Amino acid sequence: TDHSMKKLALILFLFVLPALAIADNLAFMGIPLTGTIDNFSAKLSKKGLKMSPYSKELPAGVRSFEGTFIGRDAAIYVYYDTKKRTVYRAKACITVQSEGLAESLFEEVKNMLCNKYITVVDDGTQGGYNSSRLIVYQEASETAMPIGLIDLYITTFDQFYTKSYILHIDYVDAEGINSNTNSMMEDL
């Protein structure tokens, strides 16, 4: 199935890359997905983001912020290795009130990302909505190694007879996720 192929691709992405040299790191809001969570948080604060009051309710390894992403109000989640405290992933979640607007925003963001980065795109569906995985490369060559991936997908949230649509723009740095996976493997 399409879902199992994506899982296999992610597993290969996570376990084959540690043996390969990775040229650069993926950036979120112009901030490389590297360094400590405290340093990354400080850089987000300089960009006008504020720590979310819900951040303390999240599990260890995740911090939540509120602010603007691509000119829209967004919830921002930053993921880090709890042992080394290094950042490896960040996600922006933009909530809109109509399915059409969510789908339009999905296409707009996908086009912007494809224009900014050198990518290989894997389109599919998730939860009945379009989804895309963009594997990001530093350079266009047959020997180039991915520096990360960006997942785009839509989810819904029902509350008191209203339905909201959430566009997830999820950045994962290859070097950072490999380091985090290796850190977790030490526990096994």
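Modeller: Let us start with S64, which is found in strand β4; a strand here is a DSSP run of E of at least two residues, a helice run is H or I of at least four, and both are numbered from the N terminus. This is a predicted model, in which local features need pLDDT of at least 70 and side-chain atom pairs count only at pLDDT 80 or more, while totals for chains, interfaces and linings use all residues. Residues are numbered from 1 along each chain as its sequence is written, and side-chain values use heavy atoms, with hydrogens and water left out.

Colleague: Is S64 called buried or exposed, and why?

Modeller: Buried means under 20% relative accessible area, exposed means over 50%, and partly exposed lies in between (1.4 Å probe, protein chains only). S64 has 5% relative accessibility, so it counts as buried.

Colleague: Which residues does S64 touch?

Modeller: Contact means heavy atoms within 4.5 Å. Leaving aside residues up to four places away in sequence, S64 touches K50, M51, S52, S55, L58, I76 and Y77.

Colleague: What makes strand β4 mostly covered?

Modeller: Strand β4 spans residues 62-69, and six of its eight residues are buried.

Colleague: How do you know which strands pair with β4?

Modeller: Two strands pair if DSSP finds at least two bridges between them. Strand β3 (residues 50-51) and β4 have two bridges and pair in the antiparallel sense, with K50 opposite E66. β4 and strand β5 (residues 72-80) are antiparallel over eight bridges, and there S64 stands opposite Y77. The hairpin of β4 and β5 has two residues between the strands, and I70 takes a positive phi near 45 degrees in it.

Colleague: Why is the contact of R89 and D170 called a salt bridge?

Modeller: The term requires a side-chain nitrogen of Lys or Arg within 4 Å of a carboxyl oxygen of Asp or Glu. R89 lies in strand β6 (residues 87-96) and D170 in strand β10 (residues 162-173), so the bridge ties together parts that are 81 residues apart in sequence. D170 is buried, its relative accessible area being 4%.

Colleague: How many salt bridges does this rule give?

Modeller: The count comes to five. One of them joins D123 and K110, whose closest N and O atoms are 2.8 Å apart. D123 lies in strand β7 (residues 118-126) and K110 in helix α3 (residues 99-116), so this pair ties together parts that are 13 residues apart in sequence. D123 counts as partly exposed at 44% relative accessibility, whereas K110 is buried at 13%. The side chains of D151 and R133 also meet in a salt bridge, at 2.7 Å, N to O. D151 is in strand β9 (residues 146-159) and R133 in strand β8 (residues 129-137), 18 residues apart. D151 and R133 are both buried.

Colleague: What makes a set of residues a nonpolar core, and which members touch the most others in the largest one?

Modeller: A nonpolar core is a set of buried Ala, Val, Leu, Ile, Met, Phe, Trp, Tyr and Cys residues joined through side-chain atoms within 4.5 Å. The largest has 37 residues, of which F28, F69, I169 and Y171 touch the most other members. Elements giving two or more residues to this core include α2 (37-46), β4, β5 and β6. F28 touches F69, I76 and Y171, among others.

Colleague: Why is G100 called partly exposed?

Modeller: G100, in helix α3, has a relative accessible area of 45%, which falls between the limits of 20% and 50% and is therefore partly exposed.

Colleague: Where should the model not be read in detail, and how do you know?

Modeller: pLDDT is the predictor's confidence in each residue, from 0 to 100. The mean for the protein is 84, and 81% of its residues reach 70 or more. Over residues 7-23, however, pLDDT stays under 50. Where pLDDT is low, the predicted coordinates should not be read in detail.
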